[in-house]
Amino acid sequence: TRYNNGLAWKKLFSNGIFASAGYAFSNSTSFASGSTYQAALGYNGGPFNVSAFYNHVNNTGFVNQTWSVGGNYTFGIARINAGYFRYLGDQGALGQRQDNAWTVSFKLAPKGAFDYELGYQQMRVHNAAYNGDGDIPNANTGHVFDAAAGLHNGFKETLYGSVFYHLSKRTELYLAGDYMRLHGGYTVGTTFGSKNQLELTSGVRTRF
């Protein structure tokens with residue numbers, strides 16, 4: 001992750017282990033306020049890959065902490081991916097917000113021009129305050145919230161998938177979509193008050 005006024009160290013070892021650490025200095029005369037530090041560790045093992053990180057943000061007296069672990073395994077024409085995310089965010093007198101999220105997905109790439117992807121994600125919030133628009137803000141987006149709206153629990157689940165048609169090694173056509181459903185007090189602005197949302201898209205992608 002890019003830092004302003006920060007230092008970063010990264011190292012890829014010959015055995016496939018990758019490690020990194022970083023620290024971003026504060027822009028104020030208070031050394032700790034506004035500072036960030038992060039560490040990550042991963043292993044690139046060919047068919048099996050795994051990585052994890054920890055992030056700590058001191059944001060004008062509000063501390064945000066995030067850690068995550070995930071990986072994938074490839075066998076034949078298939079690959080399975082999975083990950084877990086945990087967030088703890090200070091909300092002043094409202095107490096600490098706690099998030100738990102996880103995802104699992106599957107890719108199938110048989111011989112030929114097509115490949116297929118399907119996944120599921122669930123994001124749970126506990127003791128979360130709404131922002132000024134009456135929605136649950138994403139994790140690590142700061143501490144702007146409406147104290148009068150109270151605290152809320154709920155979760156968001158999303159089923160997503162895609163189909164790719166490869167015209168060449170560089171260029172492909174795709175069709176992708178997702179279906180999202182909100183539960184409990186979880187609200188997001190993009191649904192305009194609805195508890196369900198369906199999105200579809202198509203396009204062309206090229207690499208150069």
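This is a predicted model: local features need pLDDT of at least 70, side-chain atom pairs count only at pLDDT 80 or more; totals for chains, interfaces and linings use all residues.
**Exercise 1. Walk from S7 to S10**

Task: Work out how many bridges join S7 to S8, S8 to S9, and S9 to S10.

Solution: 
- Begin at strand S7 (residues 96–108), which is joined by 11 bridges to strand S8 (residues 114–129); the two run antiparallel. Within this pair, Lys107 stands opposite Glu117 in S8.
- Look at how the chain gets from one to the other. S7 and S8 form a hairpin with 5 residues between them, and Gly112 in the turn has a positive phi of about 120°.
- Move on to S8 and S9, an antiparallel pair with 14 bridges. Glu117 turns up again here, standing opposite Ser162 in S9.
- End with S9 and S10, which also run antiparallel and are joined by 13 bridges. Gly154 faces Gly184 in S10.

**Exercise 2. Track down the salt bridges**

Task: Determine how many salt bridges the whole structure holds, and which residues are joined into one network.

Solution: 
- The search of the whole structure gives 3 salt bridges. Let us take them one by one.
- Asp99 pairs with Arg97, and their closest N and O atoms are 2.8 Å apart. Is Asp99 buried or exposed? Buried means under 20% relative accessible area; Asp99 has 5%, so it is buried. Arg97 is buried too, with a relative accessible area of 5%.
- Arg205 meets Glu172 in a salt bridge of 2.4 Å, N to O. Arg205 lies in strand S11 (residues 196–206) and Glu172 in strand S10 (residues 171–184), so this pair ties together parts that are 33 residues apart in sequence. Arg205 is partly exposed at 38% relative accessible area, while Glu172 is buried at 2%.
- Arg207 also forms a salt bridge with Glu172, at 3.1 Å from N to O. Because Arg207 lies in the segment after S11 and Glu172 in strand S10, the pair links parts 35 residues apart in sequence. Arg207 is partly exposed, with a relative accessible area of 42%.
- Now put the shared partners together: Glu172, Arg205 and Arg207 are joined into one network.

**Exercise 3. A buried glutamate**

Task: Find which side chain of opposite charge is nearest to Glu157, and which side chains make polar contacts with Glu157.

Solution: 
- Check its charge partners. Glu157 is buried yet has no salt bridge, and the nearest side chain of opposite charge, Arg181, is 4.9 Å away. A salt bridge needs the nitrogen and oxygen within 4 Å.
- Then look for polar contacts. The Glu157 side chain makes one with the side chain of Tyr120 at 2.5 Å, and another with the side chain of His183 at 2.8 Å.
- Last, widen the view. Leaving out residues up to four places away in sequence, Glu157 touches Tyr120, Gln121, Gln122, Tyr179, Met180, Arg181 and His183.

Technical notes
Residues are numbered from 1 along each chain as its sequence is written. Side-chain values use heavy atoms; hydrogens and water are left out. Buried means under 20% relative accessible area, exposed over 50%, partly exposed in between (1.4 Å probe, protein chains only). Lys and Arg count as positive and Asp and Glu as negative; His and the chain ends are not counted. A polar contact is a pair of N or O atoms within 3.5 Å; within protein, one must be able to donate a hydrogen and the other to accept it, and residues adjacent in sequence count only if both atoms are side-chain atoms. Contact means heavy atoms within 4.5 Å. Helices (H or I, at least four residues) and strands (E, at least two) are DSSP runs, numbered from the N terminus. Two strands pair if DSSP finds at least two bridges between them.
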